[in-house]
Amino acid sequence: MNFSLSSKAIAATKTDCLVIGLPEKGTWPDTTTQADETLGGLIKQLEKAGDLTGKNASVNTIPLVDQPWQRLVVVGTGKDADRTPANFRKALIAMMGALKDGPSKNALICLADTALQGEDAVSNEEARLNLIGRILEDQLYSFTGFKSEKPAARKLKKVTVQASGAGKALKDAFNLGLSTGRGMNYTKDLGNTPPNICHPVWLAEQAQAMAKEHDCIKTEVLDEKQMEKMGMNTILAVGKGSKQPPRLIVMEYRGGKAKDKPYVLVGKGITFDTGGISLKPGEGMDEMKYDMGGSASVFGAMKVLAETKPKINVVAVIAAAENMPDGGASRPGDIVTTLSGMTVEILNTDAEGRLVLCDALTYVKKFDPAAVVDMATLTGACIIALGNHATGLLSNNDELANELLAAGERTGDRAWRLPLWDEYQSQLDSNFADMANIGGRPAGTITAACFLSRFAKDYRWAHLDIAGTAWNSGKAKGATGRPVPLLVDYLMSHAG
């Protein structure tokens with residue numbers, strides 16, 4: 001797909017399809033007024049007749065004759081007072097639903113001048129262009145590589161987005177949005193890939209391929225012998241029951257100054273989770289291929305960095321293993337010694353994500369990080385608490401937590417902070433080891449984070465529980481690409 005920006009007058013721009021925004025009452029954007037004048041007042045006539053309402057996310061396609069455009073797509077953007085970024089995203093998604101499989105070969109989208117609630121229409125055009133770029137890539141995604149009958153190729157080949165000018169700031173904002181969308185799509189690809197293909201060694205190969213493709217990425221992979229020598233016994237304990245050996249994957253992006261401390265991303269990479277000896281119920285177990293969603297989002301964020309090359313240092317660490325229940329698997333009651341030297345009594349082998357992460361969180365101390373953010377499809381309790389809308393966030397640093405929350409608000413990739421109080425730590429007490437790997441049913445998301453916090457005391461750290469946001473179930477089953485937008489926004493806010 002070819003994407004570009006244009007600041008030419010829309011009346012002088014020939015295209016198969018012109019896309020405009022129509023409010024449900026309120027002031028029309030300039031591009032909508034220009035389109036109406038070019039069409040001799042047609043849009044006003046249709047609105048007056050009730051054929052166009054402007055209701056948010058409504059879409060009407062109007063064939064045209066003897067005009068610069070063959071058809072007009074009118075996207076309802078709702079009432080001015082209700083036009084939040086979230087509602088604007090709904091309108092963009094509805095627009096792409098009509099456009100992506102339609103008859104047009106090219107389209108001009110005029111929605112960047114749609115003012116949103118509570119913002120200055122000029123200074124935030126960059127944010128709107130960023131969002132439009134992201135939605136374009138995100139909504140054009142498909143995963144059909146394993147279908148024997150391939151879908152017909154889309155007719156749409158070129159999309160131009162109207163902007164107020166051709167300045168560098170607008171282009172950079174739009175291109176960052178496109179790149180974020182591609183990062184999300186890469187994350188979806190990794191998540192949707194079946195677990196007989198996507199295993200720890202395969203994930204490591206993807207990291208090595210990224211380094212080969214992008215000179216700014218350096219990749220190192222630790223195998224099971226190297227991890228054993230270092231004392232990463234908890235990652236090894238999780239992988240013991242599988243024929244697929246675990247891997248610790250390290251990717252470095254050095255775009256900042258040599259002396260700048262790196263921001264570290266840590267991803268849970270359980271490529272399939274049966275629960276181990278503490279076997280999960282069979283229903284829905286196919287979705288446990290998404291238990292590597294944390295690692296997939298790290299890959300997606302690193303792809304965006306490789307494409308956009310911001311001035312920041314970032315290290316990505318992925319703890320990859322497959323949790324299977326064979327005769328060599330870890331048992332409930334086993335005690336293992338972590339890389340930190342602390343011991344853990346494994347009471348439930350299905351609480352394996354925190355076991356692979358704790359060794360990774362100890363390992364990253366070597367980078368003297370500015371901050372560490374780990375992400376993991378860690379607890380079903382997070383879905384019970386927050387549903388599928390918000391990522392759970394827990395942190396040992398208020399400033400870091402607030403920065404991540406703000407990034408989530410700006411991108412619509414929202415998170416909600418849960419407490420990490422000392423009172424919860426006692427639930428992890430063990431009679432036989434330094435700690436247990438579970439704390440019982442109450443506050444399951446919090447006690448999981450409490451476990452991780454014990455290995456992150458030497459730096460600013462935040463944990464993102466993406467169990468409810470990394471993928472969709474049911475008819476719409478598939479990876480979502482979250483929390484790539486949140487991560488990218490956070491990292492870019494610290495780039496020089």
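Author: Let us begin with contact, which here means heavy atoms within 4.5 Å. Helices are DSSP runs of H or I with at least four residues, strands are runs of E with at least two, and both are numbered from the N terminus. As for the source, this is a predicted model in which local features need pLDDT of at least 70 and side-chain atom pairs count only at pLDDT 80 or more, while totals for chains, interfaces and linings use all residues. Residues are numbered from 1 along each chain as its sequence is written, and side-chain values use heavy atoms, with hydrogens and water left out.

Reader: Good, so which residues of α3 and α4 meet?

Author: From α3, the residues are Pro85, Phe88, Arg89, Leu92, Ile93 and Met96, and they meet Arg128, Leu131, Ile132, Arg134, Ile135, Leu136 and Gln139 of α4. By class, this contact of α3 with α4 has nine nonpolar, one polar and three charged residues, where Ala, Val, Leu, Ile, Met, Phe, Trp, Tyr, Cys and Pro count as nonpolar, Asp, Glu, Lys and Arg as charged, and the others, Gly among them, as polar.

Reader: And at what angle do α3 and α4 pack?

Author: Helix α3 (residues 85-99) and α4 pack at about 40°, with their axes 10 Å apart. That makes α3 oblique to α4, given that angles under 35 degrees count as roughly parallel, over 145 as roughly antiparallel, 65 to 115 as roughly perpendicular and the rest as oblique. The axes are lines fitted to C-alpha atoms, for helices over the stretch in contact, and the angles run from 0 to 180 degrees between N-to-C directions.

Reader: What about α4 and α5, how do they pack?

Author: Helix α4 (residues 125-139) and helix α5 (residues 168-192) have an angle of about 30° between them and axes 7 Å apart, and therefore α4 and α5 are roughly parallel to each other. The residues of the contact of α4 with α5 divide into nine nonpolar, six polar and seven charged.

Reader: Switching to the other end of the chain, how many residues of α14 are buried?

Author: Seven of the nine residues of helix α14 (residues 484-492) are buried, so to speak mostly covered, with buried meaning under 20% relative accessible area, exposed over 50% and partly exposed in between (1.4 Å probe, protein chains only). The buried residues are Val484, Pro485, Leu486, Leu487, Val488, Tyr490 and Leu491.

Reader: At what angle does α9 pack with α14?

Author: Helix α9 (residues 293-308) packs with α14 at about 45°, with their axes 9 Å apart, which makes α9 oblique to α14. The contact is made by Ser297, Gly300, Ala301, Val304, Leu305 and Thr308 of α9 together with Val484, Leu487, Val488, Leu491 and Met492 of α14. By class, the contact of α9 with α14 has eight nonpolar, three polar and no charged residues.

Reader: I also clicked on isoleucine 346; is that residue buried or exposed?

Author: Isoleucine 346 counts as buried, at 2% relative accessibility, and its place is in the loop between β12 (343-345) and α10 (353-363). Leaving aside neighbours within four places in sequence, isoleucine 346 is in contact with Ser330, Arg331, Pro332, Gly333, Asp334, Val336, Leu355 and Asn437.

Reader: Last one, how many helices and strands are in the protein chain?

Author: The protein chain has 14 helices and 19 strands. Of its 496 residues, 57% count as buried.
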